[in-house]
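Please look over the model shown here, with its chains and its ligand. The paragraphs below go through it site by site.

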Amino acid sequence: MTPTLSLNGTAHIGATRIFGPLSMMAPAGAWTCLLGPSGVGKSTILRLFAGLDEGITFDGDYGASDGGPLMPRVAMMAQDDLLLPWLDVMGNVTLGARMRGERPDHTRARDILARVGLADHAAKPPSALSGGQRQRAALARTLMEDRPIVLLDEPFSALDAQTRARMQRLAGEVLRERTVLHITHDAAEAARLGDQILLMSRDRIDAIAPPEGTSPRAPDAEETLRFEAQLMRRLMADA
Amino acid sequence: MRTIGRSLALIAFFLLLWEGLVIVAGLPRFILPPPSLVAQTLWFSRSLIAEHALITGAEVLIGLVLGAALGFFFAILLATSRTARAILRPALVFSQTVPVFALAPILTLWLGYGLWSKVAMALLIIFFPVTSAFYDALMRTPEGWIGLARVMGANRGRILWHVRIPAALPGFASGLRLATVYAPIGAIIGEWVGASRGLGYLMLLANGRAKIDLMFAALIVLAILTLLLHAAVDRFGRWLSQGRI
Ligand SMILES: Nc1ncnc2c1ncn2[C@@H]1O[C@H](COP(=O)(O)OP(=O)(O)OP(=O)(O)O)[C@@H](O)[C@H]1O
Ligand SMILES: [Mg+2]
């Protein structure tokens, strides 16, 4: 079962209040986009859901709706690609299996690498990749993890427009039916992918009704573009 | 290639200067032998020198391998166990205040005049820098990598094996590289304190018999030995650090 994620409370790092009190929800099996100004605490929310809460004091509660533990059900793509420089791309993409002492599924890894357009780069070290290629390697590593909850922190920020559109569709397909929480600064991306769109500020998170149609939507559909414009206006007004 | 050429030219210039100085100043050969004489001695006593060099080389090499291995495991123990840290780190810091060279007489007393007291000297000289450099590196693993591994479901052992150790190998290599130059000195001092074989013993013997040319010849062989060792360890370190920095 894919769980719903929810969070309700206030986060501090040291003595500094980062955000809250506020509450949010990422519904089961849906793609939730989280937007908000830089430094507002989006990555902090992701770290909480990933179980990487060192240094964060959270007053309130957060977790999966079924009350089960989060950590073993989560896959996360952080803002940094976090590729291990001593492993080649294939080694990085199959890292999860090795971390759990399982046998890596190289056939599936090759398939995913082909789909992110890195088929010819499998044997290269990360240092030989461009920024966008590194980001796609990290995406491939995340897609390899077969987890019901997927946390994505600006996963497409380093990609050119065409590659970005392709990667959005790929991620949308591979992660269908999972609970996805996706941080982005890109209104067009949110318009394309979000089943739910959340706008975060220091003291609140507002949900915005998504455009019609199921995610991933066509990036050039009229409805998507209109929603993007409306979202942009909203973001500008907040700033 | 150009740097090698330049160093050779520098060495040649230095040797000429030395030879000239000895001739011009009329220094007796038991004070400063001319390089030509040292070269002759090096050639004619080659089997004698080689025999002793082999001993010193073996002492240093065994000390290096044991010291590096011990440092490797000790650093991991310190990095993984809070208890080990609490007990052993103060001891480690305290032991750093004792100059290893001052231990030579004691080691000779305990381990005898043979190979092992010198191996112990080299080992101790290697052990501390390797332990502390590798330990520091193990404690500095980037947070993000550890977080990623934990989210993937790795336990502490796998995080250590797949992330912390590989990420810290450059630290291990730099500790080893730093220590390697000093290891032969440790063995030599061990030999001065008490030995019947080895380059240090040979130098002392030659000195006692005013065979300064033989002493210089042994010294040159020691320098070459150290250089070769350093080059080998450097290569090994670079291989270890490949892609990690
Ligand atoms: N270790 C820390 N100590 C103190 N403050 C921190 C620490 N880490 C993060 N912060 C603060 O927490 C706040 C939230 O950081 P976070 O990374 O969650 O922001 P974000 O919304 O993801 O921003 P961006 O869009 O730029 O990635 C920031 O203001 C940051 O300065
Ligand atoms: Mg962030």
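Predicted model: local features only at pLDDT ≥ 70, side-chain atom pairs only at ≥ 80, totals over all residues.

Residues are numbered from 1 along each chain as its sequence is written, chains are lettered from A and ligands numbered from 1 in the order in which they are written, and side-chain values use heavy atoms, with hydrogens and water left out.

Begin with ligand 1. Its shell, made up of residues with a heavy atom within 4 Å of the ligand, includes Ile13(A), Ile18(A), Gln79(A), Glu154(A) and His185(A), along with Ser38(A), Gly39(A), Val40(A), Gly41(A), Lys42(A), Ser43(A) and Thr44(A). Helix α1 of chain A, residues 42-50, gives the largest share of this shell, with 3 residues; helices here are DSSP runs of H or I of at least four residues, strands are runs of E of at least two, and both are numbered from the N terminus. Sorted by class, the shell holds 3 nonpolar, 7 polar and 2 charged residues. In this sorting Ala, Val, Leu, Ile, Met, Phe, Trp, Tyr, Cys and Pro are nonpolar, Asp, Glu, Lys and Arg are charged, and the others, Gly among them, are polar.

A cavity is a set of points on a 1 Å grid over the protein atoms alone where a 1.4 Å probe fits but cannot get out, and lining residues have an atom within 4 Å of a point. The count is 1 cavity of 30 Å³ or more, and the largest cavity holds about 60 Å³, the volume being the space filled by probe spheres set on the points. Its lining draws on both chains, with Arg141(A) and Leu148(B) among them. β5(A) supplies the largest share, 3 residues.

Chain B also carries UniProt annotations, which may be inferred rather than shown by experiment. An unreviewed entry assigns residues 49-233 of chain B to "domain: ABC transmembrane type-1"; that span is 84% helix and 0% strand.

Technical notes:
1 Å grid on protein atoms, 1.4 Å probe; cavity = no way out; pocket = protein on both sides within 12 Å on 5 of 7 lines; lining within 4 Å.
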